Amino acid sequence: MTPPPLEILDLTVIYRDRPVLWDVDLTIPEGQLCAIVGPNGAGKSTLIKAALGMVPKASGRVRFFGQPLEQVRRRIGYVPQRTSVDWDFPTHVLDVVMMGLYGRLGWFRRPGKKEREAAMEALEQVALSDLAYRQISELSGGQQQRVFLARALVQDADLYFMDEPFAGVDAVSEEAILRVLEGLRARGKTAVIVHHDLQTVREYFAHLTLLNVQVIASGPTESTFTPRNLERTYGKQPLPGLDGQAEPERVWNS
Amino acid sequence: MELLSQAVLDYTLRNVVLGSALLGLIGGVLGAFALLRQQSLFGDVLAHAALPGICLAFLLTGSKTPSVLLLGGGLAGWAAALWVLAVLRHTRLPQDAALGVALSGFFGLGVTLLTFIQHGNQGNPAGLDRFIFGQAAGLLGSDVVGFALLGGVTLALVGLFYKEFKLITFDPAYATSLGLPTRELGILLTSLIVLAVMVGLQTVGVVLMAAMLVAPAAAARQWTNRLGRMVWLSGLLGASAGVAGALLSASRENLPTGPLIVLSITAVVFFSLFFAPLRGLFWQGLRTRQNRRRTALERLLLDAHLLANHGRLTPQELALHRGESLPKAWRHLNHLRVQGWVEPGKEGFRLTELGLRKALALEEALRPRS
């Protein structure tokens, strides 16, 4: 049996005097779109950052495809929250996408024609080809998100981590992002996606992890997305609409 | 005799001009990264923190050789940088507070030591205070050679690590995810800024050094939207300001070089803020005004079109429709006539062919899309 793309054992992360993640065990199956869902402050982003070594672990072990991070970095792509950078940075779209190739290029080499072509291809996948030379400060939120997505796509990784790719994007971008995710899945790639919109979980993701400092439940969305599990995650029943009634949207889009 | 003094003056002036230009170049290139990393004030802290280092170096060695003193200054600047980074990592103090505390703390220590040296029996201490405001006129040929070496090292490293510096400046978390040693690269960049500060201490001094990092970069940012061009332009503007300040101060007696360099680059910043074509306030204001005027005119045309469709485009009807005075309606109709969009007709006015086409195009553009 091949080792899973992501396996986390006993992961604990402490921030100052407070555990942000407590004894997390998690196995992500290959070739699926996997959501990580939980309330604000549940440690969703921290889980990704700790797995990728950006946040120190108090304890725990993380394996990617059965190996430690350093040996498989090339196979891992990361899409940070788009609000984590200053979009007034002086550069254009294509240049940002080419940053995805900096790891592969190695020291002292500048991106050239080959890299530019690969970046253009990735931009095509997110339907932004005609904005390749657009200044990044002129992009809408959804377009920014797609640029980050293209930057990860150009890495041609096998496992993708995405931090809230659907947060604050318009319908056009949401659709474009979803199409890309479907394409990844069709090519047998795995994606771990921090998600905040309970309304779309069942529609978008085959695998679901409910997180609130600890892993509350993890498994196929069908059997995991239950009122009981949600209540244990959020401390109350967040989705009265789960049994078919309409749900007031404002509560869960915040 | 006169010839001799002229030659000495020229030698001095040459050193001052070259030294100031090199400082501007180095400060400008590194300042571009400092500005984008939102570390503008960081350079200010490094510079102020150098003063106690200079004093300690003098107290420990008794030497007044610039390289010894600057080494002390550089080490102290480095210590301040590490202190600020540690405070930011381990406490909840906001960045500006951490920088403010470090800056005044180190500078206070520096001034204390300086006073102690000047009033103590430490040999002949005169001259240490020149590092506060700088003394470009005192630059020697050997200083200039040293600056050139430091400048060469800086430019070479920025060239070699350009793509990595760009990435850790734009998106450090992503750089880490690619396996880049983000923290080490950040330390390298900060160390280069320390070097730049050491170059600046003799010329513009600890108080004004920050301007040599921030100002050229701030000006260059106004003119371009590409990092590569911004870095070079920033270096070029810094160097030009260095030359301009040096020449200005030489043009008359009793004009200080360092402050004049800083004033020169500040003038460039102001000019850029207002008149740079991409981001300049002047052009932005002009564009806004033009857009507003155009939109107003287009609204007017649409109103006229509506009235004309009902066969009564007269000043009276326009005034009624828009809720404005009759003279104003007349004026508005005249605006439209000047554009060639309306002309006098049998009763009142009518749209010209051009005006009609324009109105239809506007209506088409405004129609909500499904």
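1. Why does A:Arg74 count as exposed? The relative accessibility of A:Arg74 is 53%, and this residue therefore counts as exposed; the classes are buried under 20% relative accessible area, exposed over 50%, and partly exposed in between, with a 1.4 Å probe and protein chains only. A:Arg74 is found in the loop between α2 (69-72) and β5 (76-79) of chain A. Helices (H or I, at least four residues) and strands (E, at least two) are DSSP runs, numbered from the N terminus.

2. The model is predicted: local features need pLDDT of at least 70, side-chain atom pairs count only at pLDDT 80 or more, and totals for chains, interfaces and linings use all residues. Residues are numbered from 1 along each chain as its sequence is written, chains are lettered from A and ligands numbered from 1 in the order in which they are written, and side-chain values use heavy atoms, with hydrogens and water left out.

3. A:Arg74 also belongs to a positive surface patch, together with A:Arg104, A:Arg109 and A:Lys114. Patches are made of residues with over 30% relative accessible area and no salt bridge, like charges being joined within 9 Å and nonpolar side chains (Val, Leu, Ile, Met, Phe, Trp, Tyr) within 5 Å.

4. Strand β3 (residues 33-37) of chain A is mostly covered, with five of its five residues buried. A:Leu33, A:Ala35 and A:Val37 point one way from β3(A), whereas A:Cys34 and A:Ile36 point the other way.

5. β3(A) has parallel partners. Five bridges join β3(A) to strand β7 (residues 190-195) of chain A, and four join β3(A) to strand β8 (residues 207-212) of chain A; strands pair if DSSP finds at least two bridges between them. A:Cys34 stands opposite A:Val192 in β7(A), and its bridge partner in β8(A) is A:His207.

6. A:Ala50 is part of helix α1 (residues 44-51) of chain A. With a relative accessible area of 0%, A:Ala50 is buried.

7. Over all chains, a search of the whole structure finds 17 salt bridges, each defined as a side-chain nitrogen of Lys or Arg within 4 Å of a carboxyl oxygen of Asp or Glu. One of them pairs A:Asp156 with A:Lys189, the closest N and O atoms being 3.4 Å apart. A:Asp156 lies in the loop between α6 (141-153) and β6 (159-163) of chain A and A:Lys189 in the loop between α7 (171-186) and β7 of chain A, so the pair ties together parts that are 33 residues apart in sequence. A:Asp156 is partly exposed at 48% relative accessibility, whereas A:Lys189 is buried at 10%.

8. Within helix α7 of chain A, A:Arg185 and A:Glu182 are three residues apart, about one turn of the helix. They form a salt bridge whose closest N and O atoms are 3.0 Å apart. A:Arg185 is partly exposed at 37% relative accessible area, and A:Glu182 is partly exposed at 35%.

9. In chain B, B:Lys358 forms a salt bridge with B:Glu298, the closest N and O atoms being 3.8 Å apart. B:Lys358 lies in helix α16 (residues 353-366) and B:Glu298 in helix α13 (residues 281-309), so the pair ties together parts that are 60 residues apart in sequence. B:Lys358 is partly exposed, with a relative accessible area of 27%, whereas B:Glu298 is buried at 18%.

Note on methods:
Areas by Shrake-Rupley, 256 points an atom, 1.4 Å probe, with all protein chains shown as cover. Lys, Arg positive; Asp, Glu negative; His and termini not counted. Charge placed at Lys NZ, Arg CZ, Asp CG, Glu CD.
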